[in-house]
Amino acid sequence: MVANEIPLVMPKMSMTMTEGVFLTWHRAEGDRVEAGDVVCEVATDKVDMEVEATVAGTLTRLLAAPEDVIPVGDPIAYVSTEADELLGGLFETEPPRREPPPPEPAAPPEPPRAPAVPAARRLAAERGIDLATITPTGPWGTVRLSDVAVMPRKPNRGRAAVARRMEASARVPQFVLHCDLDLEDVRRTHGWTVLLTHAFARALRRHPELNASWVDGALRYHEHVGVALAVDTSHGLLAPVLTNPDRASPGELAGRIADVVERARGGRLSLAELSAPATTTVSNLGGLGVTGFHALLTPPQATALAIGTVEPRVVPISGGVGVRLRCTVGLTVDHRVADGAAGARLLATLAELL
């Protein structure tokens, strides 16, 4: 039987993905793999994903190295597999003989791996550090764990993804409206993120002119409300999408938010949760002591709600001053989609619902 080399390519894991970052190999060159075996891990701008072998065979060439940025569809490795496994008896007669191709020039030998203790090798892989760049202090030129620990970390690969999104955001004409919400009389049965997300989704449903996007020079209105919830994680900022949160009860939404936040911080979000169509973003920095801020838009979303600290504040009341529970929110709006008055009406509805 004739062996064929089949490329294992960088997969396309969302509609907007054009490239991925290679993370690590789970198999070595020369290993036997079966279809469905996990071969390596790659990262998109949203999530780390495992890549599986598509055919059974032997890994013959590993082309990618950690931190390589690889376009979608480009090969990251080759699998040598038997012709019968691919062609399934397509040829009933012996195929015509072909002259063998001229031999290819021999590839240059790979540099030897730097000697290192296993713990040092693992830490270097986690931090994206090339062991060959480290001065070893162990016996026989072995890299110790302490040699790796003192090396500076490489920049978080997630920053490049955030940078691309924010550069796109900077090209959008956007304005911000700030409003102090009075929450003194709110029956708080759940966290503020839950209550404000639920109310904001309901308000956005009442103002369909803002539940829209500017795409290719035209307005596009959305029938669903998709809230991308900004979550701070050790992997960087993630934004799992809550679809139609206004149609769930606050109790149901509290469970959904607690679940996605926990899995986001544990690196266990599904691709569907990160690539679902979002129509707005909610970001709450109140828990970090931020009184008020404004969030940049994530195109093609037309709005974003920034939530500050919920705290008692001295405010004027009838006959003098008093203390009320207040929160400053900032509503960012794509000026191509709507004007300031539309944003003001949305904030008024939000205040009314609360």
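Student: Which residues of H5 are buried?

Tutor: In this predicted model, the buried residues of H5 are Trp192, Val194, Leu195, Leu196, Thr197, His198, Ala199, Phe200, Ala201, Ala203 and Leu204.

Student: What makes H5 largely enclosed by the rest of the structure?

Tutor: Of its 15 residues, 11 are buried, so H5 counts as largely enclosed.

Student: How do you know what span is expected for H5?

Tutor: Helix H5 covers residues 192–206, and the expectation is 21 Å at 1.5 Å a residue. From the first C-alpha to the last, H5 reaches 21 Å, which is close to that value.

Student: Nice! Why is Phe22 called buried?

Tutor: Buried means under 20% relative accessible area. Phe22 has 0% relative accessibility, so Phe22 counts as buried.

Student: And how many aromatic pairs are there?

Tutor: The count comes to one aromatic pair. The rings of Phe22 and Trp25 have their centres 4.8 Å apart, and a pair needs centres within 6.5 Å.

Student: Why is that pair of Phe22 and Trp25 called tilted?

Tutor: Try the angle. Planes under 30 degrees apart would be stacked and over 60 edge-to-face. The planes of Phe22 and Trp25 are at 50°, so the pair is tilted.

Student: How do you know that Arg61 lies over the face of Tyr78?

Tutor: For the distance part, CZ of Arg must be within 6 Å of the ring centre. Arg61 is at 4.1 Å from the ring centre of Tyr78 and lies over its face.

Student: What makes S3 and S6 a pair of strands?

Tutor: Pairing needs at least two bridges. Strand S3 (residues 32–33) and strand S6 (residues 57–62) have two bridges, in the antiparallel sense. In S6, Thr58 is the bridge partner of Arg32.

Student: Which strand do four bridges join to S6?

Tutor: That is strand S8 (residues 75–82), and S6 and S8 run antiparallel. Thr58 has Ser80 as its bridge partner in S8.

Student: Where does Ile129 lie, and is Ile129 buried or exposed?

Tutor: Ile129 is in the loop between helix H2 (118–127) and helix H3 (145–149). With 11% relative accessibility, Ile129 counts as buried. Ile129 and Pro152 are 23 residues apart in sequence and 8.7 Å apart in space, C-alpha to C-alpha.

Student: Last one: where does pLDDT stay under 50?

Tutor: Over residues 83–95, for which the model has 10 contacts beyond four places in sequence. For the chain, the mean pLDDT is 84, and 86% of its residues reach 70 or more.

Terms used: Residues numbered from 1 in each chain as written. Predicted model: local features only at pLDDT ≥ 70, side-chain atom pairs only at ≥ 80, totals over all residues. Heavy atoms only, no water. Phe/Tyr/Trp six-rings, centres within 6.5 Å; stacked < 30°, edge-to-face > 60°. Buried < 20%, exposed > 50% of the residue type's maximum accessible area, 1.4 Å probe, protein only. Lys NZ or Arg CZ within 6 Å of the ring centre and 35° of its normal. Expected span 1.5 Å × (residues − 1). pLDDT = per-residue confidence, 0-100. Contact = heavy atoms within 4.5 Å.
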